[in-house]
Amino acid sequence: MDALMRLAIAAGIFGLMVGLEALLPKRPVPDRLRRWPINLGLAALNMAVLRVSVGGLAYSAALYAQAAGLGLLQVVPLGQGWAVAASVLLLDCAIYWQHVASHRYPLLWRLHQVHHSDLLVDATTAVRFHPLEILLSMLYKSLCIILIGAEPLAVVAFEVLLNGAATFNHSNIQLPDGLERRLRWWLITPDLHRIHHSVLIAETNSNYGFAIPLWDKLFKTYKSHSQQPQATMPIGLAAHRNPKALGFLRLLQWPIKPLPD
């Protein structure tokens, strides 16, 4: 599956989520004209930066690992179907720990706080990242791919899964209660991930998963409910509540600014 096809799938999922947000909103989102150009502008910048730097590195890392016989799954060979499934599962675990590290280590948090600074959460929040975080994420993911010996097909599938799951769980969708309760056994739902975007530190430091809740439950970072109602709970960073200070250029400068106490 080439990059154009992956982009088409990502755009299709994004369009579906935006449509559902308009039909079934969980919370009022009145600030699209200010937020969307910022979030989508960061997405466009990140795609351009990747294209001229390390774009395609993850897939190339998988091809290299396979050709050189490197990685866990090359040492413990499985059938291709099992190898693809194991690769996706291990990569999801790796991204979970990357997310945990982004919260625990101040230098990484300088970058990741750009994502958490959004005062509302919708499908566009899924692409609100600083370019340096995107570059570091690609390097980290590529190293993990080599260590795992991930199947090239699994890398493509994982990229599609990661993008789709992130768009879904950041979306501002009101799922029926029964469906939400059933889905959260297997998937990170919007209600689960919205807790992660709470201004309360205890909630921000929970629900790190992007696709499945397994890792949060296994490593004791799972939080099933927010302290305040989901429809009205404050979103974002407690120290950054002024929308005028959260413009595109300001966000790009955050890594070199002092962190708030």
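1. Glu180 is buried, with a relative accessible area of 6%. Keep in mind that this is a predicted model. Glu180 has a charged partner: Arg184 forms a salt bridge with Glu180. The closest N and O atoms of Arg184 and Glu180 are 3.0 Å apart. Arg184 is buried too, because its relative accessible area of 12% falls under the 20% cut-off.

2. Why can such pairs form? Side chains of opposite charge can pair when their charged atoms come close. How many salt bridges does a search of the whole structure find? The search finds eight. The Arg184 and Glu180 pair is a salt bridge, and other examples follow below.

3. Look next at Asp191 and Lys26. Their side chains meet in a salt bridge, at 3.3 Å from N to O. Asp191 sits in helix α10, residues 190-196. Lys26 sits in the loop between α1 (3-23) and α2 (32-51). The pair therefore ties together parts that are 165 residues apart in sequence. Are these two residues buried or exposed? Both Asp191 and Lys26 are buried.

4. Lys141 and Glu159 make another salt bridge. Their closest N and O atoms are 2.8 Å apart. Lys141 belongs to helix α7 (residues 131-148), and Glu159 belongs to helix α8 (residues 152-170). So this pair ties together parts that are 18 residues apart in sequence. Lys141 is buried, with a relative accessible area of 7%. Glu159 is buried as well, at 15%.

5. Salt bridges can also be linked to one another here. Which residues form a network of salt bridges? They are Arg35, Asp118, Asp122 and Arg128. Find these four side chains in the structure and trace the links between them.

6. Is Trp82 buried or exposed? Trp82 is exposed, because its relative accessible area is 67%, and exposed means over 50%.

Terms used:
Residues numbered from 1 in each chain as written. Predicted model: local features only at pLDDT ≥ 70, side-chain atom pairs only at ≥ 80, totals over all residues. Heavy atoms only, no water. Helix = DSSP H or I, 4+ residues; strand = E, 2+ residues; numbered from the N terminus. Buried < 20%, exposed > 50% of the residue type's maximum accessible area, 1.4 Å probe, protein only.
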